Amino acid sequence: MPSAATDADDAHAAYLYRPEARRDLGRKCLQCVRPTDAVKLWFLWRAWGREGMAARVESLFRLRDELVAGIEAAPNLSLALPPAYLNVCFRVDPQRDVGDRDDFHRRLAIRLAEEGRAVVSEAPFRGQIVLRPAVVNPRFDPEAFLCHVQETAAAL
């Protein structure tokens with residue numbers, strides 16, 4: 001199967017195709033890692049119906065809003081921009097000298113994934129690296145997530 005991305009694509013989607021990542025699944029199939037999304041959606045729609053799907057989506061947006069409120073309330077966290085969907089881009093101010101702040105955010109994303117409690121991508125935005133969790137799990141706990149981010153950031 002040909003690669004789903006070209007070198008030209010890499011320049012525009014560096015946050016998707018990362019050669020240093022342990023698992024770079026983006027190059028394995030069309031649409032990055034989404035080869036069967038339409039089939040999954042169809043099965044969910046058949047099982048839950050329109051009302052069930054609407055309730056699920058609304059609950060994810062509520063969780064996203066709770067995450068945003070938690071970020072806005074924390075003195076050392078800041079939103080990079082208001083979220084348009086379920087991805088939330090934010091930065092952590094470690095409130096101490098950690099050297100390169102972008103490198104700090106990359107290391108934080110890696111550590112969170114290694115600990116197995118949160119998978120957070122990091123992405124470039126307006127000349128800096130931001131953390132980019134996507135709220136897609138209905139059991140997501142924004143408060144616990146932010147506590148974990150804070151604890152992990154303090155330990156780096």
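Reader: What makes Phe140 count as buried?

Author: This is a predicted model. Phe140 has a relative accessible area of 19%. Buried means under 20%, so Phe140 is buried.

Reader: How do you know that Phe145 is buried?

Author: By the cut-off of under 20%. Phe145 has a relative accessible area of 8%, so Phe145 is buried. Phe90 is buried too.

Reader: How many aromatic pairs are there?

Author: The structure holds four aromatic pairs. In one of them, the rings of Phe90 and Phe145 have their centres 6.5 Å apart.

Reader: Why is the pair of Phe90 and Phe145 called edge-to-face?

Author: The planes stand at 80°. Over 60 degrees counts as edge-to-face, so this pair is edge-to-face. The pair links distant parts of the chain. Phe90 lies in strand 2 (residues 90-92) and Phe145 in helix 4 (residues 142-155), 55 residues apart.

Reader: What makes the pair of Phe140 and Phe145 tilted?

Author: The angle between the planes is 50°. Stacked needs under 30 degrees and edge-to-face over 60; the rest are tilted. The centres are 5.5 Å apart. Ring pairs link Phe90, Phe140 and Phe145 into a cluster.

Reader: How do helix 3 and helix 4 cross?

Author: The axes of helix 3 (residues 101-115) and helix 4 come within 10 Å and cross at roughly 120°. The crossing is right-handed.

Reader: Which residues of helix 3 and helix 4 meet?

Author: From helix 3, Phe104, Leu108, Arg111, Leu112 and Glu115. They meet His148, Val149, Thr152 and Ala153 of helix 4. By class, this contact has five nonpolar, two polar and two charged residues.

Terms used: Residues are numbered from 1 along each chain as its sequence is written. This is a predicted model: local features need pLDDT of at least 70, side-chain atom pairs count only at pLDDT 80 or more; totals for chains, interfaces and linings use all residues. Side-chain values use heavy atoms; hydrogens and water are left out. Rings of Phe, Tyr and Trp (its six-membered ring) pair if their centres lie within 6.5 Å; planes under 30 degrees apart count as stacked, over 60 as edge-to-face and the rest as tilted. Helices (H or I, at least four residues) and strands (E, at least two) are DSSP runs, numbered from the N terminus. Buried means under 20% relative accessible area, exposed over 50%, partly exposed in between (1.4 Å probe, protein chains only). Axes are lines fitted to C-alpha atoms, for helices over the stretch in contact, and angles run from 0 to 180 degrees between N-to-C directions. A crossing is left-handed if the near helix is turned anticlockwise from the far one by less than a right angle, and right-handed if clockwise. Contact means heavy atoms within 4.5 Å. Ala, Val, Leu, Ile, Met, Phe, Trp, Tyr, Cys and Pro count as nonpolar, Asp, Glu, Lys and Arg as charged, and the others, Gly among them, as polar.
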